Amino acid sequence: MDAQNLMQELSHAGVTVLVKCDGERLREGGRPWTFVASGGPMEECPVRRDDITLDACLVNASRLLMDIGPEWTWIEKHLP
């Protein structure tokens, strides 16, 4: 997945995106990767996803975004 292009397109749509890796959750064996998308057209329904790997986090968060409505189907082109 091309994370840079996905995030740029989301930002062009007015969405703020944050991706982070949490060292504490990693040490505890949890899901260290977090994706949060909010603002713009998503003000009422921000999306958050935590996962074990960056790839899984991005793919699963993208699917959550697409589930919001048909205006987000363009995200599919970023999925592997």
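Predicted model: local features only at pLDDT ≥ 70, side-chain atom pairs only at ≥ 80, totals over all residues.

Okay, let's start at Ser 62, which sits in helix α3, residues 54–68. Residues are numbered from 1 along each chain as its sequence is written, and side-chain values use heavy atoms, with hydrogens and water left out.

So, is Ser 62 buried or exposed? Buried, with a relative accessible area of 0%. Buried means under 20% relative accessible area, exposed means over 50%, and partly exposed is in between, using a 1.4 Å probe and protein chains only. The side chain of Ser 62 reaches the backbone oxygen of Leu 58 at 2.8 Å.

What does Ser 62 touch, leaving aside neighbours within four places in sequence? Met 1, Leu 6, Ile 75 and Leu 79. Contact means heavy atoms within 4.5 Å.

Let's follow Ile 75, found in the segment after α3. Ile 75 is buried too, at 0% relative accessibility. Not counting residues up to four places away in sequence, Ile 75 touches Leu 6, Leu 10, Ser 62, Leu 65 and Met 66. Look at Leu 6 in particular: Leu 6 and Ile 75 are 69 residues apart along the chain, yet their C-alpha atoms are separated by 7.4 Å.

Now the sheet. Three strands form an open sheet in the order β1-β2-β3, with antiparallel pairing. β1 and β3 stand at the edges with a single partner strand each, so one side of each has no neighbour in the sheet. The twist averages 10° from one strand to the next. Axes are lines fitted to C-alpha atoms, for helices over the stretch in contact, and angles run from 0 to 180 degrees between N-to-C directions.

How many bridges hold β1 and β2 together? Six, between residues 16–21 and residues 33–38. Two strands pair if DSSP finds at least two bridges between them. Leu 18 stands opposite Val 36 in β2, and the β2 partner of Lys 20 is Thr 34. On to β3, residues 47–51: five bridges join this strand to β2, and Trp 33 stands opposite Asp 51 in β3.

And back to our helix: α3 lies across β1, β2 and β3, running at about 150° to β3.

Cysteines next. The structure holds zero disulfides, a disulfide being a pair of cysteine sulfur atoms within 2.5 Å. Cys 57 is buried at 0% relative accessibility, whereas Cys 21 is partly exposed at 41%.

Last stop, the aromatics. A search of the whole structure finds one aromatic pair. That's Trp 72 with Trp 74, tilted, 6.2 Å centre to centre and 40° between the planes. Rings of Phe, Tyr and Trp (its six-membered ring) pair if their centres lie within 6.5 Å; planes under 30 degrees apart count as stacked, over 60 as edge-to-face and the rest as tilted. Trp 72 is buried at 4% relative accessible area, and Trp 74 is partly exposed at 23%.

That's the tour, thanks.

Note on methods:
Helix = DSSP H or I, 4+ residues; strand = E, 2+ residues; numbered from the N terminus. Polar contact = N/O pair within 3.5 Å; in protein donor to acceptor, adjacent residues only side chain to side chain.
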